Amino acid sequence: MNYEPQNIEKKWQDYWGKNNLYKTEEGADKPKCYVLDMFPYPSGSGLHVGHFKGYVATDIMARLKRMQGFNVLHPMGWDAFGLPAENYALKTGIHPAITTEKNIVNIKNQMERAGFSYDWGREISSADPAYYKWTQWIFLKLYEKGLAYKKLLPINWCPSCKTGLANEEVVEGKCERCGTETTKKDIEQWVLKITDYADRLLNDLEGLDWPDKIKEMQKNWIGRSEGWEISFPIKGGTEEIKVFTTRADTLFGCTYAVLAPEHPLLEKLAQKIENESDVLDYIEEAKNKSDRERISEVKEKTGIKIIGLTAINPVNNKEIPIFVADYVLGHYGTGAVMAVPAHDARDFDFAAKYGLPIIRVIKPASGEIEEEKAFVDDGVLFASDGFDGLKSEQAREKIGEHLEKQNKARKTINYKLRDWVFSRQRYWGEPIPIIICEKCGIVPLSEKDLPLELPKVEKYEPTGTGESPLAAIDDWVNVECPKCGGKAKRETNTMPQWAGSCWYYLRFLDNKNDKELVGKDKEKRWMPVDLYVGGAEHAVLHLLYSRFWHKFLFDIGVISTNEPFQKLRNVGLVLAADGQKMSKSKGNVIAPEQVADEFGADTLRIYEMFMGPFDQAIGWNTQGVSGVYRFLNRTWDLAANLYGKEKSSEKVISETNKLVRRAAVDLEKMKFNTCVAFFMEYINFISDNKEHWGRDCVEKFLKIFSPFAPHFCEELWSNIGNNQSITLEKWPAVDEKSILEEKIVMAIQINGKMRGKIEIPADLDKGEVEDIAFNDSKIAPWIQGKEIKDIVFVPNKIINIVIK
């Protein structure tokens with residue numbers, strides 16, 4: 001009997017569905033495991049093999065945990081509202097409600113074709129009124145607690161998408177969705193006070209099992225810094241320029257001050273500015289630049305000196321010029337900076353360009369100052385009056401305290417994080433449940449009137465004027481005020497695409513509940529998410545926003561946990577064969593069903609995991625797919641022919657138990673590629689010992705291989721006479737006593753030179769070998785008291801310890 005995946009995969013998919021094998025058991029007396037994917041945008045005609053890499057991984061983990069005795073929740077749904085879906089609808093000329101539904105059907109078929117073990121009974125869509133009723137409810141609660149407010153703001157504007165964007169949606173000055181250069185536009189917007197949660201968002205990262213780079217990205221985005229707010233008086237007046245600095249130790253080297261183009265003092269003191277016309281021209285020019293463009297390191301710094309105004313450096317009472325420069329942002333810190341060109345690279349370049357004094361006041365603790373560039377590190381103060389000789393760390397406090405006694409400074413904390421611009425001038429999104437009354441002002445909708453449904457319209461193109469397309473629907477917009485009965489209008493902006501994804505993981509727990517967002521018992525049973533998998537590109541978008549909403553829901557007693565996702569793992573990109581990102585415009589997209597139709601879904605699954613380390617980007621290789629298909633055929637031929645043996649030989653039993661042990665360890669670490677390599681090594685071994693491979697070890701192998709190749713293993717499991725689905729089997733225990741420990745001699749090198757040998761059991765991991773090597777009597781003297789720079793480890797062969 002040959003391996004013919006096209007003849008077996010549909011059969012088993014139908015069997016799993018008919019028997020509800022992946023339906024989560026509520027109330028089961030088992031430990032829980034909540035395995036979750038970042039749910040996809042149904043914004044195109046289908047997903048490609050890059051999207052599937054993460055889904056295969058979570059499916060393997062869900063199957064593993066079921067076999068290990070966990071009650072597994074592994075759901076799937078659709079992030080259906082927002083720009084991606086609407087832009088696809090505009091491109092095709094078909095209403096987003098229609099394209100979204102059609103795309104969901106297609107993507108779901110792709111997922112089922114791959115054999116993913118989702119509990120489809122928990123399926124949700126963020127564009128379903130029964131779902132977004134609760135998104136709107138959360139917004140009302142945020143408003144009720146003073147965390148949602150409306151304000152006229154200069155916001156990031158995408159001329160192509162014709163909508164406002166949050167700072168997090170602008171990447172290197174371009175729209176995160178379409179790549180168009182963004183501009184600035186003054187629009188009245190709904191804003192959420194994420195800044196109220198800045199410290200908690202920062203501090204609570206420490207308890208999370210997340211990649212360090214994601215934690216670091218969130219820390220940098222929040223950007224907490226402790227320093228001093230220092231007042232620089234304007235000469236001849238009562239006004240002051242307040243600056244925030246973390247480097248009060250450099251204050252004696254301040255030779256000019258800089259205001260952001262948006263700084264209110266420029267308007268307030270306009271009559272005193274002698275070159276007002278030139279200053280206003282510069283301010284107007286700055287309005288068309290994005291924040292990212294203004295602060296870019298590669299951009300040449302520009303500015304204009306304000307004639308008629310000067311400031312006083314409070315630490316030495318020296319008069320300094322004032323500039324307006326667009327590299328200072330009005331919304332960061334105080335919107336003004338004290339410029340110290342000798343000790344800040346940006347200020348140094350600016351001062352050199354405009355011929356401004358460069359006064360050095362800090363020198364390195366040892367070595368000479370390089371005159372041609374700024375010295376930006378901590379050091380020792382000089383030319384700083386009574387603070388000479390102090391180290392930078394001490395001087396920051398001493399100078400700050402000195403000015404504080406004169407009411408010229410105060411200690412403060414600053415954040416880069418800005419409040420979240422929440423409204424969008426688009427059609428396809430959750431309506432904001434607010435009414436604007438001529439008499440009463442802002443009136444929130446009553447909870448009993450939720451959901452406020454998105455009206456069905458034929459024209460949904462963005463206006464580009466700053467108004468949503470909803471503004472043109474008079475019979476929807478014009479309403480009576482629920483408070484006074486007078487004339488009123490609905491809020492016509494919609495919520496951003498991130499709104500529905502901020503809390504979707506909670507709705508999976510209780511998706512049929514129309515009385516509350518989530519039942520308390522179910523939330524306590526399942527939260528937090530035990531494994532969350534998705535792309536690193538969501539570090540300061542979805543992941544930050546959802547943590548904010550989760551903490552808010554915790555504060556108002558809706559949920560019992562402080563964080564939503566305990567363990568996060570990122571999936572590396574799958575690149576096209578030419579090394580570029582897969583995209584339809586480049587014509588290099590590979591659809592998963594193409595691979596499944598030719599080679600079978602299990603070949604697709606295994607190849608996705610075998611390509612390389614899970615979190616790293618790697619190129620697609622069709623020859624690699626063919627290699628996996630050949631491996632499955634070899635395995636099939638061996639397992640389908642047991643040669644009538646029930647029991648394996650001692651050696652085969654030993655190797656099989658080693659495989660179970662190694663697979664379990666690497667699966668927990670999500671080292672899928674090495675796990676597949678172990679399977680291949682094992683089958684090579686069995687190929688040479690096939691007469692000794694009995695039913696006992698075949699069954700053990702099929703069980704641990706089944707999370708990777710479920711259709712393949714179900715068929716073989718059934719063919720050898722088992723009636724129950726392999727999905728319901730327990731993960732095999734390792735029989736340690738049966739393992740024949742092979743001994744090897746490993747060389748130990750120090751800086752590439754042989755310094756000893758150790759006899760150890762084969763297949764020890766790096767950490768185990770390090771422990772043995774470091775404690776070896778011949779090696780210990782070589783490394784004692786030395787700094788170890790690196791350790792090169794080749795399993796079963798050599799360990800090279802690199803020391804300074």
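A: Start with Phe565. Leaving aside neighbours within four places in sequence, Phe565 is in contact with Leu36, Leu208, Trp210, Tyr505, Val529, Tyr532, His542, Leu543 and Ser546. The model is predicted. Phe565 sits in the loop between helix H17 (542-555) and strand E23 (568-570). Its relative accessible area is 0%. The cut-off for buried is under 20%, so Phe565 counts as buried although it belongs to a loop. Phe565 and Phe244 are separated by 321 residues in sequence and by 35 Å in space, C-alpha to C-alpha.

Now move along to strand E23. Arg569 makes a salt bridge with Asp209, and the closest N and O atoms are 3.0 Å apart. Arg569 lies in E23, while Asp209 lies in the loop between helix H6 (198-203) and helix H7 (212-222), so this pair ties together parts that are 360 residues apart in sequence. Arg569 is partly exposed, at 23% relative accessibility. Asp209 is partly exposed too, at 34%. Compare Phe565, which is buried at 0%.

The whole structure holds 47 salt bridges. Glu319 and Lys235 form one of them, with the closest N and O atoms 3.0 Å apart. Here Glu319 lies in strand E12 and Lys235 in the loop between strand E8 (225-233) and strand E9 (240-245), so the pair ties together parts that are 84 residues apart in sequence. Glu319 is partly exposed at 46%. Lys235 is partly exposed at 49%. Another pair is Arg662 with Glu681, whose closest N and O atoms are 3.7 Å apart. Arg662 in helix H21 and Glu681 in helix H22 are 19 residues apart, and the pair links distant parts of the chain. Arg662 stands at 25% relative accessibility and counts as partly exposed. Glu681, at 43%, is partly exposed as well. Salt bridges can also join into a network: Glu26, Asp119, Arg122 and Arg525 are linked in this way.

Back to E12, the strand of Glu319. Strand E11 (303-313) and strand E12 (318-325) run antiparallel, joined by seven bridges. Together they make a hairpin with four residues between the strands. In its turn, Asn317 has a positive phi of about 60 degrees. Asn313 faces Lys318 of E12 across the pair.

Next, a sheet. Four strands form an open sheet in the order E19-E18-E21-E20, with antiparallel pairing. Strand E19 (441-444) and strand E20 (478-480) are the edge strands, each with a single partner, so one side of each has no neighbour in the sheet. On average, neighbouring strands are turned by 40 degrees against each other, direction ignored. E20 pairs with strand E21 (487-490) over three bridges in the antiparallel sense. Ala488 in E21 is the bridge partner of Val479.

Then the helices. Helix H23 (695-705) is mostly covered, with nine of its 11 residues buried. Among them are Cys697, Val698, Leu702 and Phe705. The buried residues of H23 pack against helix H2 (49-67), helix H19 (601-610), helix H20 (622-639), helix H21 (650-668), helix H22 (672-688) and helix H24 (710-719).

Beyond residues up to four places away in sequence, Phe705 touches Ile606, Phe631, Leu632, Phe679, Phe712 and Cys713. The largest nonpolar core has 173 residues, and Phe705 is one of the six that touch the most other members, along with Met111, Trp420, Trp549, Trp693 and Phe708. A second, separate core has 52 residues, including Tyr256, Tyr327, Ala336 and Ala351.

Finally, Arg605 in helix H19. Arg605 is buried, with a relative accessible area of 0%. Its side chain reaches the backbone oxygen of Phe708 at 3.0 Å. Arg605 also touches Val56, Asp59, Ile60 and Arg63, and its contacts include Ala114, Gly115, Phe116, Pro707 and Pro710.

Terms used
Residues are numbered from 1 along each chain as its sequence is written. This is a predicted model: local features need pLDDT of at least 70, side-chain atom pairs count only at pLDDT 80 or more; totals for chains, interfaces and linings use all residues. Side-chain values use heavy atoms; hydrogens and water are left out. Buried means under 20% relative accessible area, exposed over 50%, partly exposed in between (1.4 Å probe, protein chains only). Helices (H or I, at least four residues) and strands (E, at least two) are DSSP runs, numbered from the N terminus. Contact means heavy atoms within 4.5 Å. A nonpolar core is a set of buried Ala, Val, Leu, Ile, Met, Phe, Trp, Tyr and Cys residues joined through side-chain atoms within 4.5 Å. Two strands pair if DSSP finds at least two bridges between them. A polar contact is a pair of N or O atoms within 3.5 Å; within protein, one must be able to donate a hydrogen and the other to accept it, and residues adjacent in sequence count only if both atoms are side-chain atoms. Axes are lines fitted to C-alpha atoms, for helices over the stretch in contact, and angles run from 0 to 180 degrees between N-to-C directions. A salt bridge is a side-chain nitrogen of Lys or Arg within 4 Å of a carboxyl oxygen of Asp or Glu.
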